[in-house]
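Colleague: Hi! I'm new to this one, could you walk me through it?
Modeller: Happy to, here it is.

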Amino acid sequence: MAAKHLLRNVPAGIRPGRTPALCALALACALPAGAQEHAHPGEPAQAAVRWSLGAQAIPLVTRADPAVDGEALVEAYLTQPNVMGHLSLWGGRAEAMATLNLEGLTLRRGELNAGIWGEGYVDRRHPHTYLHEAVVVLRPLGPGRAVDVSLAAGKGFAPFGTDDPMSRPFVKFPANHHLSQVLERTVAIAAVRGGPLLLEGALFNGDEPQGPDDLPGLDRFGDSWSVRGTLLPVPGLEASASHARLESPEHPLGGVLDQRKWSAALRWERRGGPEAREYALVEWARTDEYDGPRRAFRFPTALAEGALRRRGVEVAARLERTDRPEGERLLDPFRAPVPHHDLAILGVTRWTTLTLGASAGVPPLAGLRLRPFAEAQMLHARERESTSLFRPREFYGSERTWSLSAGVRVEAGSLHARMGRYGAARAEPHHH
């Protein structure tokens with residue numbers, strides 16, 4: 001039965017003969033394993049033109065039990081196919097970075113990811129937009145000064161909350177993805193870093209994407225804003241707090257619920273090359289939705305995760321508790337109408353999730369870095385209030401859900417270490 005589900009649910013984008021969905025891997029095969037950084041011969045270091053290019057993709061199989069109505073599902077995907085580029089000019093005084101995300105080809109139905117929601121998907125992670133980020137940065141004083149100032153503009157991440165889960169230890173995203181990050185907006189960001197203190201502020205459009213090929217509405221640019229302060233007392237340790245106000249994020253024409261978001265996080269990371277790493281993150285976030293001056297809903301989240309890598313073998317764990325809204329579903333139980341029709345929700349479900357993961361590096365193959373992994377999740381879903389019209393036990397067939405995933409991270413070239421950090425906020429340029 002599992003094999004039947006597996007074959008039936010392999011999306012067309014990863015079947016033989018559909019080469020566009022594999023272009024990230026094709027590019028990865030063409031790149032050497034190290035970063036590609038070049039300076040024109042004879043130029044002084046401060047005038048060097050440096051660039052890098054990288055690609056990644058993750059063949060993945062996931063089993064969710066139960067997925068809906070007591071039934072288990074097994075599905076296969078090519079997830080997180082990305083092409084990343086970085087260009088540095090004039091000794092780092094000008095930069096450009098971009099990420100192309102091809103999940104619109106391979107994840108049109110969404111990736112099984114119990115507890116997550118957003119952009120019309122429920123219990124499936126939505127595909128991100130093809131142009132995931134494209135940002136130009138100016139650092140007028142140059143990097144490495146006592147005071148580092150930067151101005152960034154383009155499509156990317158607003159300075160709010162924590163890092164994109166794509167650059168964190170787990171393949172499966174946390175349920176709080178839309179509570180703890182604000183991504184894929186047209187942004188203008190000013191940042192200044194002096195000593196251990198970093199301050200960022202941004203203007204952007206409030207509306208979130210409606211599909212993989214969607215572009216932000218320029219007519220709404222500047223209707224939303226965010227600020228983030230980060231303290232970096234010693235190398236590797238960060239404490240941050242941020243606040244954002246989004247105007248009508250779930251309806252591109254505006255006029256529905258606005259959001260006021262808060263986040264606080266403590267992060268630690270220390271690397272010893274590709275074979276050793278220590279990482280930990282603790283975060284709290286809250287999104288309040290407002291109808292004019294009246295608060296209509298509140299959705300809090302708390303998460304702690306960590307990873308330890310020695311001799312190329314990594315173990316990781318994550319514990320999360322997130323409240324999510326429950327709305328109307330379409331005939332496809334994993335989809336919801338976009339945009340929402342009204343201001344009502346059916347209830348709030350509290351998801352408590354424990355995720356364990358393990359991975360190991362293997363010898364490179366044809367210039368590709370390969371890292372097989374496995375992840376297991378135990379999820380518990382329960383209505384937050386007795387008045388809720390949505391009952392997880394009745395919908396899923398149980399309050400407890402299990403998810404097992406296995407796959408291989410395939411990487412080549414130089415990847416962005418921390419997506420969504422620009423200019424003065426970029427603690428490190430790339431990772432291999």
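Colleague: Great. What should I know before I start?
Modeller: This is a predicted model, where local features need pLDDT of at least 70 and side-chain atom pairs count only at pLDDT 80 or more, while totals for chains, interfaces and linings use all residues. Residues are numbered from 1 along each chain as its sequence is written, and side-chain values use heavy atoms, with hydrogens and water left out.

Colleague: How many helices and strands does the protein chain have?
Modeller: There are five helices and 21 strands. Both are DSSP runs numbered from the N terminus: helices are H or I with at least four residues, strands are E with at least two.

Colleague: And how much of the chain is buried?
Modeller: 53% of the 432 residues; buried means under 20% relative accessible area, with a 1.4 Å probe and protein chains only.

Colleague: Let's look at strands. How many bridges join β6 to β7?
Modeller: Five, and β6 (residues 131–138) runs antiparallel to β7 (residues 147–156). Two strands pair if DSSP finds at least two bridges between them. Opposite Val135 you'll find Gly154 in β7.

Colleague: Which residue in β8 is the bridge partner of Ser150?
Modeller: That's Ala191. Strand β8 (residues 185–194) and β7 pair over ten bridges, in the antiparallel sense.

Colleague: New topic: is Ser224 buried or exposed?
Modeller: Ser224 counts as buried because its relative accessibility is 0%. You'll find Ser224 in strand β10 (residues 224–231).

Colleague: What does Ser224 touch?
Modeller: Leaving out residues up to four places away in sequence, its contacts include Ala202, Phe204, Asn205, Arg245 and Glu247. Contact means heavy atoms within 4.5 Å.

Colleague: Now the cavities. How many are there of 30 Å³ or more?
Modeller: Eight. On a 1 Å grid over the protein atoms alone, a cavity is a set of points where a 1.4 Å probe fits but cannot get out, and lining residues have an atom within 4 Å of a point. A volume is the space filled by probe spheres set on the points, which are joined across faces, edges and corners.

Colleague: What lines the largest cavity?
Modeller: It has 14 lining residues, with Thr162, Ala265, Arg267, Leu281 and Arg421 nearest its centre. The elements giving two or more residues to that lining are β11 (237–246), β12 (258–271) and β13 (277–291).

Colleague: And what volume does the largest cavity have?
Modeller: About 90 Å³.

Methods
On a 1 Å grid over the protein atoms alone, a cavity is a set of points where a 1.4 Å probe fits but cannot get out, and a pocket is an open set with protein on both sides within 12 Å along at least five of seven lines; lining residues have an atom within 4 Å of a point. Buried means under 20% relative accessible area, exposed over 50%, partly exposed in between (1.4 Å probe, protein chains only).
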